[in-house]
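User: I have a model open and want to go through it with you. Can we take it piece by piece?
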Amino acid sequence: MPQHRALEQWVDQVARVTRPDRIHWCDGSEEEHQVLVDGMLRDGTLVGLNHQRYPGCYLHRSHPSDVARTEHLTFICTSRKEDAGPTNNWMEPTEARARVGKLFEGSMKGRTMFVVPYLMGPVGSPYSRVGVEITDSPYVVVNMRLMTRMGKIALERLGGSESFVRGLHSLGDLSPDHRFILHFPEERLIWSIGSGYGGNALLGKKCHSLRIASWIGREEGWLAEHTLIIGVEDPSGQVTYMAAAFPSACGKTNLAMLVAPQVLSGYKVWTVGDDIAWMHIGPDGRLRAINPEAGFFGVVPGTSVKTNPNIMAAVDRDTIFTNVAVTPDGEPWWEGKEPTPPDGLVDWRGNPWISVEGPAAHPNSRFTVAARQCPSISPRWEDPEGVPISAIIFGGRRARVAPLVYQSYSWQHGVFVGAGMASETTAAQSGAVGVTRRDPMAMIPFCGYHMADYFAHWLDMGRRIAHPPAIFHVNWFRTDQNDRFLWPGFGENIRVLKWILERVRGQGIAVETPIGFIPTPDALDLDGLGLPDGAADELLRIDSDAWLTEHAEQGRFFDRLAPRLPVQIRQEHAVLHQRLSRLSVPVNATEPPHTP
Ligand code: OXD
Ligand code: MN
């Protein structure tokens, strides 16, 4: 291992507090991986799966109280409370160090301390960043090896530089009472204790690539976002790149790997990333996105050869499953994999499954798999310069209100659309499921600073990008009066992407409405879809009463962000109110968008 004084000093300092039995510097090699896996098989941290059908695949059963991100235990520790803003939990840094520092004292006794250098972003990209995670969880190490470029490669990139994000993680006693996920963005430091769950423990992911990176991005003039990245290839072979932000467990992985239905088989979606994008302004004046991750940590339930054939082909080897059920043949199983559950399932807790007691797989059970295993992986997914983004798509899970798709009038209006987003909560975070909450740009759990400053940063980016992407909003989850989904989703979403593609090229037909441009029902390619009569109109309907209620809720949320809320967001909010009282007027698609 290369010598690195600052890193070694930090490792020594951590070891003096946490008192591990031994220290292992991870090199990321196959041999190291195998030793870790064998150890975890011996102590039960991992369970082997059917190696004929699932070679190199393992199951991890987490503590039943440690199955999702715990947002109420996640803190931003900035020196000034107002910099964290009202949407983040805040702890004063000195108090945080004292309070949580105690929990780290001796927390690694009897355990090995792993030093995990990792690189977020493609090797050789000017936009990639190094982090080092110290952890006492071998499960975290094997996951980090799939999710990042880990080990030797990261130390080589670091060289003698002291610029790396420090992440300290310990399982502690796994008690939710002693669980804290702390971020010190001013010091580029993360402390996480008491949880082994991905979003809390794989520190390269949410903690580094979103909370800390969003802070760094604002300082340096780039964006760290909770977005997938795709290339949409049209029948002529031209590929257009898009980034799409959806809250957790709202289908980002499925959209990132979409397979078009037969009638639109000339279209192909290439996967660049499924969860996070770092977007910089390239020398060509376009927004360029890299995927900082090297793997997918995706939600398992509902995944099948119908909903996501690409990920099904990826997770049949060298995959870690967490909290799924197991068949008597040792195969992983989850709700939605096949229509009927096989007999003799063992549930995610390791007990014989009793269906009345709940699902066999935990609703937030996960797979961890290397991105390169995905058949739809883009030939440009590791492009050091990133891919040029032509469209940014925001999306929520809304039974009502938000139509299937609409386009904002301008960058400023698009930032307002993102700022006004809301979505129903899912099992990816602890707490109630299905509650509508404001979730601007799908970043409410991940923005490392004041949300109002974040909107200001987006507005500023728009002023600096010579060729800004067009901004859209989609909602796959609208329901009818009987609470049935109106839109089939999954592969059929290509129909919406096709319209977006056309709009980006100045082609698709649209109607100007109070909330933005909406496709006319004819502008959407619904050929062969067999939507029931009236469904297309309902999907695109703007219910002005519902929108006025939405407008008022947006206003209450924006009030919480005052006085830092940018005036432009207030203006857009006021203009939306005025527009809601006007009638829709058809417009020619080639007309330049009207900027309020
Ligand atoms: C995730 C999440 O794991 O958003 O990606 O919770
Ligand atoms: Mn996510």
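User: Which residues are buried in α5?

Analyst: This is a predicted model. In α5 the buried residues are Pro138, Tyr139, Val140, Val141, Val142, Asn143, Met144, Leu146 and Met147.

User: Why is helix α5 described as largely enclosed?

Analyst: Because 9 of the 10 residues in helix α5, which spans residues 138-147, are buried, the helix is largely enclosed by the rest of the structure.

User: Moving to the metal. What are the protein donors of the manganese ion, ligand 2?

Analyst: Lys206 gives NZ, His226 gives NE2 and Asp275 gives OD, and these lie 2.1 to 2.2 Å from the manganese ion.

User: And how are the donor residues spaced in sequence?

Analyst: The pattern is K-x19-H-x48-D. Lys206 and Asp275 link distant parts of the chain, being 69 residues apart. Lys206 belongs to helix α8 (residues 204-220), while Asp275 is in the loop between β15 (268-273) and β16 (277-281).

User: Is Lys206 buried or exposed?

Analyst: Lys206 counts as buried because its relative accessibility is 5%, and the cut-off for buried is under 20%. Asp275 also counts as buried, at 8% relative accessibility.

User: OK, the other ligand. Which residues surround ligand 1?

Analyst: The surrounding residues are Arg69, Lys205, Lys206, His226, Ser248, Asp275, Phe297, Arg366, Ala428 and Phe446. Among them are Lys206, His226 and Asp275, which are also the protein donors of the manganese ion.

User: What polar side-chain atoms lie by an oxygen atom of ligand 1, say from Lys206?

Analyst: A polar side-chain atom of Lys206 is 2.9 Å from an oxygen atom of ligand 1. For Arg69 the corresponding distance to a ligand 1 oxygen is 3.0 Å, and for His226 it is 3.3 Å.

User: How much of the accessible area of ligand 1 does the protein cover?

Analyst: On its own, ligand 1 has 210 Å² of accessible area, and the protein covers 96% of that. The space that ligand 1 takes is the largest pocket.

User: Changing topic to the backbone. Is the peptide bond from Ala562 to Pro563 cis or trans?

Analyst: The bond from Ala562 to Pro563 is cis, and its omega is near 5 degrees. Pro563 sits in the loop between α15 (544-561) and α16 (567-580).

User: What about phi of Arg19?

Analyst: Arg19 is not a glycine, yet its phi is positive, near 50 degrees. Its place is the loop between α1 (5-18) and β1 (22-25).

User: And phi of Met441?

Analyst: Met441 is another non-glycine residue with a positive phi, about 50 degrees. Met441 lies in the loop between β26 (436-438) and α12 (451-464).

User: Why does Met441 count as buried?

Analyst: Met441 counts as buried because its relative accessibility is 0%. Arg19, by contrast, is partly exposed, with a relative accessible area of 40%.

User: Last one, Asp480. Where is it found?

Analyst: Asp480 is in the loop between β27 (470-474) and α13 (494-504).

User: What does the side chain of Asp480 reach?

Analyst: The Asp480 side chain reaches the backbone nitrogen of Asn482, at 2.8 Å.

User: Is Asp480 buried or exposed?

Analyst: Asp480 is buried, because its relative accessible area of 19% falls under the 20% cut-off.

Methods
Residues are numbered from 1 along each chain as its sequence is written. Chains are lettered from A and ligands numbered from 1 in the order in which they are written. This is a predicted model: local features need pLDDT of at least 70, side-chain atom pairs count only at pLDDT 80 or more; totals for chains, interfaces and linings use all residues. Side-chain values use heavy atoms; hydrogens and water are left out. Donors are N, O and S atoms within 2.8 Å of the metal (3.2 Å for Na, K and Ca); water is not among the atoms, so sites may look incomplete. Helices (H or I, at least four residues) and strands (E, at least two) are DSSP runs, numbered from the N terminus. Buried means under 20% relative accessible area, exposed over 50%, partly exposed in between (1.4 Å probe, protein chains only). A residue is near a molecule or strand if one of its heavy atoms lies within 4 Å of it. A polar contact is a pair of N or O atoms within 3.5 Å; within protein, one must be able to donate a hydrogen and the other to accept it, and residues adjacent in sequence count only if both atoms are side-chain atoms. Accessible areas come from the Shrake-Rupley method with a 1.4 Å probe; for residues, only the protein chains shown count as cover. On a 1 Å grid over the protein atoms alone, a cavity is a set of points where a 1.4 Å probe fits but cannot get out, and a pocket is an open set with protein on both sides within 12 Å along at least five of seven lines; lining residues have an atom within 4 Å of a point. A molecule sits in a cavity or pocket if more than half of its atoms lie within 2 Å of its grid points.
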